[in-house]
Amino acid sequence: MTTSEASNTGSGSSGIWNLPNILTMLRIVLVPFFVWFLLADNSHHGIWRWAAVLAFAAAIYTDKLDGDIARSRNLITNFGKIADPIADKLLIGSALVLLSALGELPWWITILILVREWGITALRFVVIRYGVMPASRGGKLKTVIQTVAIFIYILPLDSFAPWLVIVAFWVMIVALAITVWTGVEYVIEAIKLRTAGSRA
Ligand SMILES: O=P(O)(O)OC[C@H](O)CO
């Protein structure tokens, strides 16, 4: 999405019940299953861990699918612009908290990412009367890299390939850097939206 789209609340229709939005809701429904499977496994890296991998992969697939469908069929709605990043944050936030609680990911990484993610979500609602601030390209890239890092973390393959843990950590560090950087960009974007809105 571009800045001009961000500042234009009218660029999305208000209907909720279309396929991309239903896929976004499905992603939210998959989150408790993912959490349940990961907790049931409790770092044993057995069958439940594979179930968690499948639930995570299915959720990620709905993310790609809803974006593709929304763009190709021109079904971009204001609900989707807000709900899609929230669904991503629920999935990614749950994964990060659980990985940290299981002792597989340092808490400081989880806390930094969560503060940025929910801070920007709160900011979106603060400036919503001036315009919808949809996901930027950087924000989307950040979500992709976070997703790759989490996927490598949850794959129960460390006994075959112990180096995967190191790869997962460094991919996560790259994700963290982009997360913080795009967070700063959104703050600048929000200030611009507010300034333009106050002048109008
Ligand atoms: O960085 P955000 O908050 O715009 O989130 C990006 C979304 O997760 C992309 O789907």
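How far does a polar side-chain atom of Tyr186 lie from an oxygen atom of the ligand? The distance for Tyr186 is 2.4 Å. This is a predicted model, in which local features need pLDDT of at least 70, side-chain atom pairs count only at pLDDT 80 or more, and totals for chains, interfaces and linings use all residues. Residues are numbered from 1 along each chain as its sequence is written, and side-chain values use heavy atoms, with hydrogens and water left out.

- A polar side-chain atom of Thr143 is 2.8 Å from a ligand oxygen atom, and one of Lys142 is 2.9 Å from a ligand oxygen atom; a polar contact is a pair of N or O atoms within 3.5 Å.
- Of the 310 Å² of accessible area that the ligand has on its own, the protein covers 97% (Shrake-Rupley method, 1.4 Å probe).

**The shell around the ligand**
- Residues around the ligand (a heavy atom within 4 Å) include Asp84, Arg116, Gly139 and Tyr186.
- The shell residues divide into 3 nonpolar, 2 polar and 7 charged, where Asp, Glu, Lys and Arg count as charged and Gly is among the polar ones.
- Domain 1 (17-104) and domain 2 (105-195) each give at least three residues to the shell, with bounds from an automatic or database domain assignment.

Key: A polar contact is a pair of N or O atoms within 3.5 Å; within protein, one must be able to donate a hydrogen and the other to accept it, and residues adjacent in sequence count only if both atoms are side-chain atoms.
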